Amino acid sequence: MHGFSVVLSPYTLMLMFVGVFLGIIVGVLPGLGGANGVAILLPLTFAMPPATAIVMLSCIYWGALFGGAITSILFNIPGEPWSVATTFDGYPMAQQGRAGEALTASFTSSFFGALCAVIMITFIAPAVANFALSFGPPEFFSVYFLTFCSFIGMGREKPAKIIVSMMIGFALAAVGIDIVTGQLRLTFGFTELLRGFNFLIAVIGLFGIGEILLSMEEGLSFTGKSAKISLRVVLETWRRLPRFWGTALRSMVIGCWLGVTPGGATPASFMAYGVAKRTSRDGDKFGTGQMEGVVAPEVANNAAGTSALLPMIALGIPGSPTAAVLLGGLMIWGLQPGPLLFKEQPDFVWGLIASMYLGNIATLILVLTCVPFFAAILRIPFSIIAPVIVVICAVGAYTVSNAQSDIWFMLVFGVVGYLFKKLDYPLAPLVLALVLGDMAESAFRQSMLMAQGDLRIFFSNWLVGGITGLALFALFWPLISGLLARLRAPKARGATT
Amino acid sequence: MRTRRILSCSAVMVAAAFAAAPAAAWEPSKPVEFVIPAGQGGGADQMARFTQGVTAKHSLMKQPVIPINKSGGAGAEGFLDVKASKGDDHKIIITLSNLFTTPLATGVPFNWKDLTPVAMLALDNFVLWVNSDTPYKSSKDYLAAAKKAGPGKFKMAGTGAKQEDQIITVAIEKAAGVKFTYVPFKGGGAVATQLVGNHVNSTVNNPIEAVAHWRSGKLRPLCVFEKARMPYKKKVTSTMAWNDIPTCREAGIPMDYLMLRGIFMPAGVSQDVVDFYIGYFKRVRGTAEWNNLMENGAFNQSFMTGKEYVNWVAAAENTHRELMRGAGFLAKK
C-alpha cells in the first residue's frame, strides 16, 4: 500500500503515461528494443528522484513488452525478439481479417501474464530469488535444451527441412567472438562480422523484408482489408478468451520460471507456443490463425519480462538486457541492488512494484482503445505502406548497433526469407537456433569445463536431471505417441510425424 | 578546417599571453559520440552513461554526450570504429583492459597507438572472493585447500576468455603453484551470482560487481590485487570497510592488477581539442555524484593526462603482453 502512495502523485502518473507511450513506440519499431529505449532515456532521469525515474523507465519496458506484438500481427514483422512466436498465428489471423481479435487477444494475454508475475513478485520474492540462485551452467543448458525439444515437430514441413533450417541458425549464431576461448570464429577477416549476426537483424530481414517480397509477387495486395474496426471486437474477443485458461496458466508458469532463472522472454515465448501446441485439442491447426496460438506466447513473454525484474531487484542479476540497463541505472542513482534493497530503500522497491500494477493497467487501457486504429492500418493500400515498412525496417536494423553494414545484412536476410518461403523451409527453427544457439553453446561448454567432460553433470541433481529428463521426453514424444497410436490402431500409417 | 584550427590555436596563444579570459579555444559544435567497447549494463557502460547524466544535470558541456555501445568481437568493433574516424573531434571512447587484451588475443588489427590518449579517469580494482559458506578465512587457507584438492578441482569463474579475469587467474596459479578450472561467463554480474549460488569456488570480481552480495553476507573478500590497501574506511558491512581487505601481497601472492578506465580519441586531433576533453573530464570528476560512484565501487582514483598517461598505458601494454605470453594467450601470427 505504501508503494501506491509513492506512485500516485500527478507528476509520477504523468511520467508513467509518457513512459508507456514511448514504450509502445519502442516496441512497435523493430530494432529499437526496450534496452535501447531505456538506455537512451536513462541519463535524462538523473534530475528525478530514483523512485519516479524507475517508474518511468520501467513503464517504457511494459509498453515495449505489449507493443512488440502489434507489428507481428499486422505485418508479420516482430517488433521485439520475444514476439516472433506471436507471428505464427497472429499474422494468419490478420490475413483472415481478424486483426482486431488477434490484437485484443494478445494485449489481454500480455496483461494476464504480467499481472501474475507482479503478484508473484509482491508475495514470494525472496523464495523465488533463491530458486534463481540454484541455476548454474548445467541447469541453463538443460533449459535451452528443453526449449529446443519442445519445439521439435512443430511445423508441418518435412523434418529434414526443419533440421536444415535449424542448422543454418546454429551456424549463424556461431559467428563472432567465442566467449569460451576468446577467439574469433567464422569472420573470415571481415571486421563487419566481428559482432556476429544480431538476432534482430535476421528477424527484421527474414520476416519483414521477406514478407514484402512475397506480397509484391502476389500482386501488391494485403488480404486484411476487411478488418473490423470497432471497439466491439474487444468485447467479443473477451467473451471467447476464458476458454483458453489452461493454455494461459501453463504459459504463465513457463514465463515466470524462465523470467526468474533468467532465461528471458524470448525462449519463454517459444517454449510456451510449443507446449500449447502439444497440449491443445486444436494443436494440429496451430499456425493457421488460432487465437490460442497468440495467447500462449504473449502470456509467457510478458510473465517472463516482468518477473525478470525480480532477480534484478533481489539479487542484482539482470534477467534481460533491459533489466541490465535498469540495473546500471540503480547504481548511478546510488542504489545498490541486492537483498538489502528491500530493507534500505522501501520507497523505491514498493514504488516500483506499485508501478508494475498501475503501469500494466495503463498500458492495457492505452493499447486496447487503439485496437481499431491499429487494425485500420491494414486498410492503407500496400503500395503506400510497403515503402514505409521497408524504411522502418532499415532504420530498425541500423539502430541495433549503429552500423551501416547491418542494413545490407538485413536485405540479404530478406532474400533468404523469401527463398525459404518459396521452397517451403520453415523460418522459425532458424530464428530459434540463432537466438538460443549462442547461449546454449556457452552453457554446454561451461558445464563441460566444470565437469571435465563428464556428461553425467546434466543429471547430477534433481533440478537439472528433472529438466533434462523432461526435455528428452519432449524430444521423443512424437515417436512415443506415434508408437502408441500405432498400437491402438495398427492400420493408421505414417502417424509418427 | 585546418585554417580554423590554426586560427583557434593562435587564439589560445593570444588568450594565454594576456591571461585575461579562460582558454575556451575549442568547444564541440555538435553532440559528442561516446563509444563504449562493451555491452549495455557493464562497468564501462555505467561509467559512460553516468558521464552523460552528470553532464546534462550540471551542464558540464554545451553539447550533449551520446553513448553508443559497440561491443562486437570483445570490443574490437568499438576500437576499430574510433581508429577509422581519424580527425573526428566529436568522438571519444572509454576503455577497459580489452584495449590491450583483444588485439593481443585475437590479432584484430589495432593498437592504442592508433588512438589519441586523453586521460585516465580511474582504475578498477580486483578482489579475490569466495562464498561465505566456505571455511576459508584468508587467501592462504583458500590456496592451501585448492592445492590439496588437486589440479583443476577448484573452479574460478570470470568474465570472458583471455581477458583480465583469466590473466589474473593464471598469475595466481603461477604464484601459488595451484591449478584452477577457469569457467568464462559473459558479464561480471553473472560471475558473482554463480559464486553466490555455489556453482564455482572463487571469482576475481571488481568491487562494484560483488559489493551487494558482500553486504548481504553471501560473499567473503580474501584479498585485493593492489600494492596498497584500498583507502575507503567507511564501513561497507557491519564489521568491515574496503580498507580492511588485505592486499594479496600481504597474503603471499606477489601480484597486482588494475584495470584502466581511461578515455581515448581518434588519431589526428589537435592538442586544444584534447585539452578541452581533459578539462571536461576534470569537471566530471569534480562532481559529488562522481565521488559517490568512486566510493561505492572502491575505485583507485588515479588521474593522469599527457605524457604521464601515455607512459602508463605503454607500461600496461607491456605488462599485458608479458602476462599473456606467459599464459599462452597471444594470438598466433
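1. Let's start with a definition: two strands pair if DSSP finds at least two bridges between them. Helices (H or I, at least four residues) and strands (E, at least two) are DSSP runs, numbered from the N terminus. With that in hand, look at chain B: six strands make an open sheet in the order E2-E1-E3-E10-E4-E11, with mixed pairing. Strand E2 (65-69) and strand E11 (304-305) of chain B sit at the edges with a single partner strand each, so one side of each has no neighbour in the sheet.

2. A word on what you are looking at. This is a predicted model, where local features need pLDDT of at least 70, side-chain atom pairs count only at pLDDT 80 or more, and totals for chains, interfaces and linings use all residues. Residues are numbered from 1 along each chain as its sequence is written, while chains are lettered from A and ligands numbered from 1 in the order in which they are written.

3. How far does the predictor trust its work? pLDDT is the predictor's confidence in each residue, from 0 to 100. Chain B has a mean pLDDT of 88, and 92% of its residues reach 70 or more. Take care with residues 11-23 of chain B, where pLDDT stays under 50. For that stretch the model has eight contacts beyond four places in sequence; a contact here means that the C-beta atoms of two residues, placed from the backbone, lie within 7 Å. For the complex, the predictor gives an ipTM of 0.84 and a pTM of 0.86.

4. Back to the sheet, and to strand E3 (91-95) of chain B. Strand E1 (residues 32-36) of chain B pairs with E3(B) in the parallel sense over three bridges, and B:Phe34 has B:Ile92 as its bridge partner in E3(B). E3(B) and E10(B) run antiparallel and are joined by three bridges; here B:Ile94 has B:Ile263 as its bridge partner in E10(B). E3(B) is mostly covered, with four of its five residues buried. Buried means that 20 or more other C-beta atoms lie within 10 Å of the residue's own, exposed means 12 or fewer, and partly exposed is in between, with C-beta atoms placed from the backbone.

5. Helix H4 (residues 98-106) of chain B is also mostly covered: nine of its nine residues are buried. Among them are B:Leu99, B:Phe100 and B:Leu104. What do the buried residues of H4(B) pack against? In chain A it is strand E2 (184-185); in chain B the partners include helix H6 (164-176), strand E10 (259-266) and helix H11 (306-327), as well as E3. Just after H4(B), B:Gly107 takes a positive phi of about 75 degrees.

6. Buried or exposed? B:Gly150 counts as exposed because it has 10 C-beta neighbours inside 10 Å.

7. Chain B has two domains in the assignment, domain 1 (22-124 + 259-327) and domain 2 (127-244); such bounds come from an automatic or database domain assignment. Their C-alpha centres lie 27 Å apart. In the contact between them, 16 residues of domain 1 meet 15 residues of domain 2. On the domain 1 side, H4, helix H10 (288-296) and H11 of chain B each supply at least two residues.

8. Now the meeting of the chains: 46 residues from chain A and 44 residues from chain B take part. On the chain A side, helix H15 (321-332) is one of the elements that supply at least two residues, and H15(A) gives the largest share, seven residues. That side has 28 nonpolar residues, 17 polar and one charged. Ala, Val, Leu, Ile, Met, Phe, Trp, Tyr, Cys and Pro count as nonpolar, Asp, Glu, Lys and Arg as charged, and the others, Gly among them, as polar.

9. Last, the largest nonpolar core, with 280 residues. A nonpolar core is a set of buried Ala, Val, Leu, Ile, Met, Phe, Trp, Tyr and Cys residues joined through C-beta atoms within 7 Å. The members that touch the most others include A:Ile73 and B:Tyr277. Helix H4 (residues 50-75) of chain A provides the largest share, 18 residues.
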